[in-house]
Structures are given as C-alpha cells and as structure tokens.
Amino acid sequence: EACIWVRRLRDVQREQLWEDFEALDLDDTGRAPFNELPALVRERGFTLNAAALEDFCREANLKVNEPFTFGDYTGLMATCRRHEGFRHDERDEMRRTFTRFDRDKAGELSLHMFLD
C-alpha cells in the first residue's frame with residue numbers, strides 16, 4: 001500500500017512539473033527559455049542564488065542560458081531535492097558547524113549545548 005501511495009505521489013509531482021513546463025513551452029518545441037527556470041524552481045519551493053542554480057544545472061547536465069527540455073527540468077528538480085536546495089560547500093560548512101557543537105557525538109543538538 002505504501003508503494004502505491006509513493007507511486008501516486010510521484011505521478012502527481014511529475015504532472016505538476018509538466019504543467020509548469022508546458023506553460024512555458026509556448027511554441028510547442030519541447031523547449032522552454034532558461035530565464036524562466038529560476039521562477040519555476042522557486043515555485044517548487046527552492047530559492048537558489050545564481051551560483052547554486054549554476055552548480056545544480058551543471059550537476060544535472062543542463063546548459064546554463066540555453067533553452068531546456070522537460071527532462072532537463074525534472075533532472076534539475078531531482079538534483080535540488082537530493083541536495084535539499086544547498087550547494088556542496090554550504091552543506092559541508094553546515095556539517096562542520098554541527099560537528100563542532102555535537103560534543104557528545106550523538107548526532108543531535110540540544111538547547112543546553114548552546115547555553116554552555
């Protein structure tokens with residue numbers, strides 16, 4: 001039952017992405033203008049600065065400033081989800097900061113750790 005639910009959720013998400021993309025593919029070429037991509041990504045819950053967008057595009061094999069396909073868009077969104085919207089260097093810095101405060105190496109931080 002859980003597998004069916006996950007499959008349905010994935011289908012709904014894919015349909016939402018398709019509707020986003022289709023609204024931009026005005027000439028039915030299967031391509032949308034790159035300058036619309038940041039707004040699409042933002043609508044799906046990821047606010048990326050220019051550097052993060054470029055990094056994620058590179059990882060998803062999407063060429064910056066060139067029209068993109070639906071496959072490009074879904075690949076980019078998968079990359080955003082996989083990284084939770086953070087670039088590698090940002091995640092590394094957060095991990096280092098977390099580790100510095102996680103004195104007991106429990107993998108959790110409590111309020112009293114910050115108050116000491």
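Biologist: What order do the elements of the protein chain run in from the N terminus on?

Modeller: They run α-α-α-α-α-α, which comes to six helices and zero strands. A helix here is a DSSP run of H or I with at least four residues, a strand is a run of E with at least two, and the numbering starts at the N terminus. This is a predicted model, in which local features need pLDDT of at least 70 and side-chain atom pairs count only at pLDDT 80 or more, while totals for chains, interfaces and linings use all residues. Residues are numbered from 1 along each chain as its sequence is written, and side-chain values use heavy atoms, with hydrogens and water left out.

Biologist: Which residues of α1 are buried?

Modeller: Leu17, Asp20, Phe21 and Leu24 are. A residue is buried under 20% relative accessible area, exposed over 50%, and partly exposed in between (1.4 Å probe, protein chains only). Asp20 has 11%, so Asp20 is buried. The buried residues of α1 pack against α2 (37-43) and α4 (70-82).

Biologist: What makes Leu9 partly exposed?

Modeller: Its relative accessible area of 35% makes Leu9 partly exposed. Leu9 is in helix α1, and together with Trp5 and Val6 it forms a nonpolar patch on the surface.

Biologist: Why is that called a patch?

Modeller: Patches take residues with over 30% relative accessible area and no salt bridge; nonpolar side chains (Val, Leu, Ile, Met, Phe, Trp, Tyr) are joined within 5 Å, and like charges within 9 Å. With 35%, Leu9 passes the area cut-off. Trp5, Val6 and Leu9 have about 310 Å² of accessible area together. Such areas come from the Shrake-Rupley method with a 1.4 Å probe, and for residues only the protein chains shown count as cover.

Biologist: How many salt bridges are there by this rule?

Modeller: There are three. The rule asks for a side-chain nitrogen of Lys or Arg within 4 Å of a carboxyl oxygen of Asp or Glu.

Biologist: What makes the meeting of Arg44 and Asp20 a salt bridge?

Modeller: Their N to O distance is 2.8 Å, so the pair falls within the 4 Å limit. Arg44 lies in the loop between α2 and α3 (50-59) and Asp20 in helix α1, so the pair ties together parts that are 24 residues apart in sequence. At 29% relative accessibility, Arg44 is partly exposed.

Biologist: Where do the side chains of Glu59 and Arg82 lie?

Modeller: Glu59 is in helix α3 and Arg82 in helix α4, so their pairing ties together parts 23 residues apart in sequence. The N to O distance in this salt bridge is 3.5 Å. Glu59 is partly exposed at 33%, while Arg82 is exposed at 52%.

Biologist: What separates Asp55 and Arg58 in helix α3?

Modeller: About one helical turn, because they are three residues apart. An α-helix has 3.6 residues a turn, so residues three or four places apart point the same way. The side chains of Asp55 and Arg58 meet in a salt bridge at 3.1 Å, N to O. Asp55 is partly exposed at 27%, and Arg58 is exposed at 53%.

Biologist: What is the phi of Asn65?

Modeller: Asn65 has a positive phi of about 70°, although it is not a glycine. Most residues other than glycine have a negative phi. Asn65 is in the loop between α3 and α4, and its 64% makes it exposed. Lys105 also has a positive phi, near 55°. Lys105 is in the loop between α5 (88-101) and α6 (111-115) and is exposed at 60%.

Terms used. Contact means heavy atoms within 4.5 Å.
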